[in-house]
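The sequence and the model are shown first.

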Amino acid sequence: MNISFIIQSILLGVGLAMDASAVSMTNGLNEPQMKVKKVILVAFMYAFFQALMPFIGYLCGSAFTNIIAKYVPWIALILLGFIGGKMLIEGIRNKEEEKEDKKLTFKTLLVQAIATSIDALSVGLIMIEYSRIQLTTALLCVSITTFVLSFVSVYIGKKFGSLLENKAAIIGGIILIAIGIEIFVTGL
């Protein structure tokens, strides 16, 4: 294992983290008063699932992953479309809600983390030839990269969420729907 392998793994992490970063930014847009502990939880959840999915793909090999790969675009479209649509409708209605109702719940975060990382299952197939050290290094690089990018993205979203206030939910909903459509189109 050399430095080029580590760089390659970090770049793989950047590629896998793009959806998670965009959704993290959306969470910051929607909840500009998010506390640091919750920002860390958001980043951790995305980092965990971005490393877990390739590991599952690695363990299952090509048979199981090829079966699931057919449905990945549909799953991402449905999950992100539902969450984004819900945000969009709430933003358009512009209800006077309590702050608690606008906060990101653990259940929603879990669905987002799975939806944005499920396409990484197939990445596990390229890791089948890796040694255990290479696999561990690659998954750590993916996880750390995703954590850092998601953490920063929440803060970027928080900054713009404070500026945009009522329109943040609409913008966030549109972003989530767009990500779902992008995963669906590129997955077909």
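The expected span of a helix is 1.5 Å times one less than its number of residues, and helices (H or I, at least four residues) and strands (E, at least two) are DSSP runs numbered from the N terminus. For the 12 residues of helix α5 (residues 106-117) this rule gives 16 Å, and the end C-alpha atoms are 16 Å apart, which agrees.

The model is predicted: local features need pLDDT of at least 70 and side-chain atom pairs count only at pLDDT 80 or more, while totals for chains, interfaces and linings use all residues. Residues are numbered from 1 along each chain as its sequence is written, and side-chain values use heavy atoms, with hydrogens and water left out.

The protein chain has 8 helices and 0 strands. Of its 188 residues, 42% are buried, where buried means under 20% relative accessible area, exposed over 50%, and partly exposed in between (1.4 Å probe, protein chains only). In α5, the buried residues are L109, Q112, A113, A115, T116 and S117.

| Residue | Relative accessible area | Class |
|---|---|---|
| T26 | 0% | buried |
| E31 | 8% | buried |
| V148 | 45% | partly exposed |

T26 belongs to helix α1. Beyond its neighbours within four places in sequence, T26 is in contact (heavy atoms within 4.5 Å) with M87, G172, I175 and L176.

The structure holds 1 salt bridge, defined as a side-chain nitrogen of Lys or Arg within 4 Å of a carboxyl oxygen of Asp or Glu. It joins E31 and K38, whose closest N and O atoms are 3.2 Å apart.

V148 lies in helix α7 (residues 132-164). Together with L140, I144, V152, I156, F160 and L163, V148 forms a nonpolar surface patch with about 650 Å² of accessible area. Such a patch joins nonpolar side chains (Val, Leu, Ile, Met, Phe, Trp, Tyr) within 5 Å, from residues with over 30% relative accessible area and no salt bridge; like charges are joined within 9 Å. Accessible areas come from the Shrake-Rupley method with a 1.4 Å probe, and for residues only the protein chains shown count as cover.
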